[in-house]
Structures are given as structure tokens and as C-alpha cells.
Amino acid sequence: MGKHQQAGARTAGAALRGLLLLLAVGLVAGAGWYVWHDRGGSVEAGTDCPTTLRVITASSFSTVVSAAARTLRSGPDCILVDTTTADGRPAAGQLSQLNADVWIPDDASWAGLAPPGLLVPTGKDSVEQRDTSAGATLATSPILMVTDQPTAERIKAQGNGWLALSDLLINKNTGVRLVVRDPALSGDGLVAAGAVGEAVWLKRGMDASSLALNTTLAVTRTVNHNLAATPETAGEVGLVPEYALLPTMDLAPAGRVYLAAADHTALLRYSWFPSAAAARDPGRVAALQRLFAAFASTDGRQAINAAGLRGPGQTRPPVGGATKLPEPTAEPFPVLAPHHVQHVFATWDPEDRRSNLLIIVDIAGSGTGASSGPPPGNKQQPIDVLKAGCRVVGDLMPVGSRLGLWEISPGQTGGYRKLLPTDRLDETSRAAFTRSVNALTSHRAGQGLLDAIVAGYQSVRDDWHDDMFNQVLILTDDAGRDSANAAEVADTVQKLSALKDPQRPVTVSIVVLNRQDAADRLKDALAKPVGAYIDNATSADDVQAAFIHVVAGGLHE
């Protein structure tokens, strides 16, 4: 997992929450997800197939699995396919419980939520991967923007892409609003919301992407009670996959416009993920190969078309209404990586912002030795920018998180002081945090930053919690020029390396205010040996984005 070890711990917790939801709610088709068992079609009484494959698949692909399964259920070497339909995060929780042989989710990005070691790895060429076709795409469906004519013209005027849509949503004065399915409950929602964030990430970086998603949520209507995020009022832009639009084309209201983004295509990828256990069993590998091939059979292809999906290499499903929709031509976004998925989840669900976070601040005011005043274009003093970012963290982190605040204070023992020891976050401690933030002041330039980083790392490591991200976030203007002391920096690297515990990973993130030279020195020294993330913030928006990003699960790339 590398830098995503903490994400792995959070994934396990997320899978458990999804499973508990699944058990509590049961069959909730109206809520956008449900579980359904199918025996691969109606198997005649007395059929005795020597092999049964256990498949978990998305609801929008269940009819395709059934059609492929029917081609295998006759003859002496027949295969019975036992299908469980589960969407979104709950599906990952079903994998080990049902001992599934293969998972076919509605997007490849869901694989990152599977328990470690459960699926055949797809990132390297191995015998298991080749024999089981792990990671192969069985079908796709592009996501389109659905809106009214005036709003469509505004998107076109901005560039007719996902970045254009994001910019309109970020500017709340435009009146443009988003409609999307709950990202935790389907690939429709995850990939659609992810596309808004990905467009910003590719153009402006990951911190800006977190800020954009957070801002966008305020003008978003999240749908979880029906199958499509279609717009209802002027100014709304629904993000809907092609397969969900096709059955409704004849019923669409007059004036509805469908746009295919010009910068990138957001694409659902129905993907084939065999379990590692099945890959170790030659008999199950043979059965999986036959089921995989069945999707390319005549019955399999027809079922894919009937579901409104695109088979491999197919431009659009040959069904009625398809020609009324625009054909996407832009390069698809890459599959959402686990960290990108976590951004989306943390935006929509406060529980995904649960962190054990220590913030260390190091700001010297102008006239006290600081090399610069406020970042360009920012009328606020750095300390005020910092306070605003801290308050954002306090507001976004859910009850039950852990939050602490230290500040560099030359002259104090060690060069720093603990304004607020890390403690469980509740309404009382949140108010105490806000008071401590409001009391922050600029200090005179001096040493202390490097010692505070080491002490902060050890503090979080010793107070490590396996159900949340464990992080140290440092914001500094490096007025004391700690970064230029090569010997002290090297000593810091040695100390941090000695403190590292693979069983208790801690993320170190350092944001330097308007000092690219200092950021570069710290990055050269700390990024590789310690796994630290270091960036340079040149505006108040950069600082706010860094704070929001750390709440979304850490600043590591």
C-alpha cells in the first residue's frame, strides 16, 4: 500500500460501515443500491453442475451476467453462476463474506476498496493475472452532462468540458448547480463527482481539486432515491451515464440538452476482478475463463447492448434513442486512484474526514524577520490566512476525530509550545480549538521548526489510531531559515526515519508559505526517505486548499 497504508485502514472501516448499512437496510432498490441473488437464470430441477461460481456484480450489469451464465448451464461440465448484486461501497464488504470468485463492479476504481490481498493484483504481469484476465474491461458507459439550453450555452462558452463545469460551479454567483448520484452508492455517482475533481487536479493540482470539490458540494443536489441524477430546474446540470439515459429518451422534456465534455470523457468501466483464492484453484480458473469468454458470445454481446452499455471497442449501443446522444470523443480520464476516490468520499461524507491530526504552525510576522509579507494577491496577513485555514479544519472534521495545535515559539524549551494537546474532538474541544486558533500570533523569527516536526511525528505515532488517518500538518514561512541548515535537516531525516513504524504509519505534510526555495530544500531532503509531502502555497486559496485536502485524507500524492 506504501503511502496509502492509512487509506487501507480507512478502507476496512468504510467496508464495515457499508456492510452494516447493507444489513440494516436490506433490499433498498429505491435508495440506489440493493443486494440480489440470482442463480444464473432459471436452472431446471435436477441439474447437477460440477462447478458453482460465486459472482458479485453491479445492479446495472446483473442482466448481462445472467445472460452469460445461461450459456454455461448445460452439459456434463456445466457451470452454475450464483450471483449477488451489490452496488457501491457495500459491495466491497460482500467480497470476503460471500467468498466471491469474481467481482464485476460498475467501475474499476472500486477495486481499491477491496480488502488487501483478496483480489488478483492488476498492476503487474503475473501468471494469475494472465490466466484470469484480471482487470479486463467488459463494458463501458460514458457520463454525459444533462441540462437546459441556456446552461448548456454557458458551459460551451467556458470551454465545453469538465473544467468549464467545475469553474461555473465554484463561482456560486453563476447560478449553475450540480446533480449527481451519491458517490458511495454507485459508480454513476463516484465517477461523475470524480470527474469534476479530476479536471481540476490535472490542470491545477490536487490541493485545488480538494477545494473545488468542497466548494461544489454547496451547490450540489445528491440523488439517492432513484436511478438517474436528472436535472429538475433551470441551471441544474445532471451527470448521467449513457446507459441510464437511453430508456428515457422518448420521455425527455423539450429543451433538454446533452453534452459530451470536450476535455475528457468520464467513463464507467465494468471490470473483471477475480479473487486471489480462485486464481490458486486450477478448476475455478478454468471455470472463470469460460464465464469471461461468455461475455463475448452472441448472447453476452446482445445482453450488453440491451443494458445500454458499450462492449469492448463499440462506439455506442445499437438501441433506440442512442443516436440522439452526442458521441464522446475526448480521451477518457484515468481510473480513479484510491487517493482520488478518498477525496470524493471525504467531500460527501463527514465520517470519511475522521483523522488524528496535529497541526504545527510557524509564522513570523512582517517586521520580525520574515522574508515576505502576505502572498501575492492576498490582502490578509499570513497569520490571518493560517487562522482561516485552521477554522476550516475545525469545522470539517467530525466528532470523534482527534485534533491538536502546536506553534513554533523561539525561546521556549525545544522552540515550540503545545497550545492544545491532541484530544478527541467534540463540541467542547472544538470550541477550545477555535479559541486557540483565534489566539495565534506571529512570533519573532527563530529556530524550532525541525525539532517540532520530529516531536510532532513521535506524538502522533505514539497516539496512533487504526480507524482514522494519522497526520502531522506543518505550515511555515521558514522565516528562521531552518530549511537552509543542511546539517540540521539531515539530522531531522535520521530522527524521523528511526521513528517510522510500518505498523503505525504517520503522514507528514509541510506547506511552505510563498517560499519556493525553502519548499524545494525540504522536498529534496524529506520526500523520499520520510515519505513527506511538501508544497509551496502562494495564495490564501492555496492555504485553504491544503487544509481541506488534509481533512480529505492527507496531502500525499
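Guide: What follows sets values against definitions, one label at a time. This is a predicted model, where local features need pLDDT of at least 70, side-chain atom pairs count only at pLDDT 80 or more, and totals for chains, interfaces and linings use all residues. Residues are numbered from 1 along each chain as its sequence is written, and side-chain values use heavy atoms, with hydrogens and water left out.

Visitor: What does the secondary structure of the chain come to?

Guide: The chain has 19 helices and 17 strands. Helices (H or I, at least four residues) and strands (E, at least two) are DSSP runs, numbered from the N terminus.

Visitor: Why is Val 55 called buried?

Guide: Buried means under 20% relative accessible area, exposed means over 50%, and partly exposed lies in between (1.4 Å probe, protein chains only). Val 55 has 1% relative accessibility, so Val 55 counts as buried. Val 55 sits in strand β2, residues 51–57. Buried residues make up 57% of the 557 residues in the chain.

Visitor: Which residues does Val 55 contact, leaving aside neighbours within four places in sequence?

Guide: Contact means heavy atoms within 4.5 Å. The partners of Val 55 include Val 65, Val 81, Thr 84, Ile 104 and Leu 291. Thr 84 is 29 residues from Val 55 in sequence, yet their C-alpha atoms are 6.1 Å apart. Across the chain, take the contacts with a separation of 6 or more: residues 24 or more positions apart account for 80% of them.

Visitor: What makes Cys 49 and Cys 78 a disulfide?

Guide: The rule asks for a pair of cysteine sulfur atoms within 2.5 Å. Cys 49 and Cys 78 are joined with an S to S distance of 2.1 Å. By this rule the count is one disulfide. The pair links distant parts of the chain, 29 residues apart. Cys 49 lies in the loop between β1 (36–38) and β2, and Cys 78 in the loop between α2 (62–70) and β3 (79–85).

Visitor: Why is the disulfide of Cys 49 and Cys 78 left-handed?

Guide: The torsion about the S-S bond is about -120°, so the disulfide is left-handed.

Visitor: Are Cys 49 and Cys 78 buried or exposed?

Guide: Cys 49 is at 14% relative accessibility, so Cys 49 counts as buried. Cys 78 is at 3%, so Cys 78 counts as buried too.

Visitor: Why are α14 and α15 called roughly antiparallel?

Guide: Axes are lines fitted to C-alpha atoms, for helices over the stretch in contact, and angles run from 0 to 180 degrees between N-to-C directions. Angles under 35 degrees count as roughly parallel, over 145 as roughly antiparallel, 65 to 115 as roughly perpendicular and the rest as oblique. The axes of α14 (residues 382–396) and α15 come within 10 Å and cross at roughly 175°. Therefore α14 and α15 are roughly antiparallel.

Visitor: Which residues of α14 and α15 meet?

Guide: Lys 387, Cys 390, Arg 391, Gly 394 and Asp 395 in α14 meet Arg 430, Phe 433, Val 437 and Asn 438 in α15. Cys 390 is at 0% relative accessibility, so Cys 390 counts as buried.

Visitor: What joins the side chains of Asn 356 and Asn 470?

Guide: A polar contact of 3.0 Å joins them. The term means a pair of N or O atoms within 3.5 Å; within protein, one must be able to donate a hydrogen and the other to accept it, and residues adjacent in sequence count only if both atoms are side-chain atoms. Asn 356 is in strand β12, residues 355–362. At 1% relative accessibility, Asn 356 therefore counts as buried.
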